[in-house]
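Me: I am new to this structure. Please show me how to read it, one feature at a time.

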Amino acid sequence: MTDGIAERESASVLDPFERVSEVIFGVLMALTFTGSLSVASPGQEVRTMLFAAFGCNLAWGLTDAVMYLIGILTERHRNATLLRQLRATSDHAAARRLIAQALPERFAQGAPEEMLEAIRARLFALPAVAPRLHREDYLGALGVFVLVVLATFPVVVPFLFFDEIGRAMRASNALSILTMFIGGTMLGKYAGGIPWRYGLAMTAIGTVLVAIIIALGG
């Protein structure tokens with residue numbers, strides 16, 4: 001709930017969920033382009049589509065990176081506002097209610113008054129820090145951009161090695177499914193669940209999403 005906490009959170013650049021999410025997002029974006037290659041003619045048109053897929057992921061990677069920074073800065077402004085509100089009131093009970101509202105619901109329900117009061121006293125003693133972005137935040141944004149762009153390669157590389165579109169698409173789809181499965185297993189480990197079940201679920205969800213996106217003209 002403080003700028004210091006936000007700094008520690010960003011020190012790892014991106015958590016496992018964020019890393020996997022960006023990779024899956026990049027794969028899905030690239031698949032929306034390659035999914036239409038079955039009706040393309042060999043040669044220049046295929047290369048144009050591949051460049052378009054790569055360009056799309058560049059654009060979305062940049063957009064995602066910017067939104068990542070905006071999200072961090074917004075959260076730090078929110079934390080700074082909470083700190084000002086805590087310092088502006090002499091009613092400790094009201095301050096504890098503000099802290100409880102800022103905590104995740106399950107944590108807030110189980111937090112005793114003594115704990116909330118200890119948090120209030122600790123926050124009250126913290127120095128005021130102007131919300132701003134740090135080096136780790138820019139590294140995180142760079143990580144977002146790189147992950148989205150790199151996720152394009154498993155999808156488009158087969159088209160650079162196979163002349164036959166059908167074989168290239170089968171190889172591309174296989175690599176994409178493998179990428180989504182691996183991403184799902186990583187999420188499963190992060191969540192403390194059964195990795196292979198998460199992998200299968202992520203693969204199924206990704207396949208359905210691609211089908212819907214292509215059907216809607218994506």
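Me: Is F153 buried, partly exposed or exposed?

Reply: Keep in mind that this is a predicted model. Buried means under 20% relative accessible area, and exposed means over 50%. F153 has a relative accessible area of 38%, so F153 is partly exposed.

Me: How many aromatic pairs are there?

Reply: Rings pair if their centres lie within 6.5 Å. The count here comes to two aromatic pairs. One of them joins F25 and W60: the centres are 5.9 Å apart, with 80 degrees between the planes. Planes over 60 degrees apart count as edge-to-face, and this pair is edge-to-face. F25 sits in helix 2 and W60 in helix 3, so the pair ties together parts 35 residues apart in sequence. F25, at 25% relative accessibility, counts as partly exposed. W60 also counts as partly exposed, at 38%.

Me: What pair does F153 form?

Reply: F153 pairs with F54, edge-to-face, at 5.8 Å centre to centre and 65 degrees between the planes. F54 belongs to helix 3 and F153 to helix 8, 99 residues apart. F54 is partly exposed, at 30% relative accessibility.

Me: Where do the axes of helix 2 and helix 7 run relative to each other?

Reply: For two helices, look at distance, angle and handedness. These axes come within 7 Å and cross at roughly 40 degrees. Helix 2 passes helix 7 in a right-handed crossing. Helix 2 brings R19, E22, V23, F25 and G26 to the contact, and helix 7 brings V144, L147 and V148. By class, that makes five nonpolar, one polar and two charged residues.

Technical notes
Residues are numbered from 1 along each chain as its sequence is written. This is a predicted model: local features need pLDDT of at least 70, side-chain atom pairs count only at pLDDT 80 or more; totals for chains, interfaces and linings use all residues. Side-chain values use heavy atoms; hydrogens and water are left out. Axes are lines fitted to C-alpha atoms, for helices over the stretch in contact, and angles run from 0 to 180 degrees between N-to-C directions. Helices (H or I, at least four residues) and strands (E, at least two) are DSSP runs, numbered from the N terminus. A crossing is left-handed if the near helix is turned anticlockwise from the far one by less than a right angle, and right-handed if clockwise. Contact means heavy atoms within 4.5 Å. Ala, Val, Leu, Ile, Met, Phe, Trp, Tyr, Cys and Pro count as nonpolar, Asp, Glu, Lys and Arg as charged, and the others, Gly among them, as polar. Rings of Phe, Tyr and Trp (its six-membered ring) pair if their centres lie within 6.5 Å; planes under 30 degrees apart count as stacked, over 60 as edge-to-face and the rest as tilted. Buried means under 20% relative accessible area, exposed over 50%, partly exposed in between (1.4 Å probe, protein chains only).
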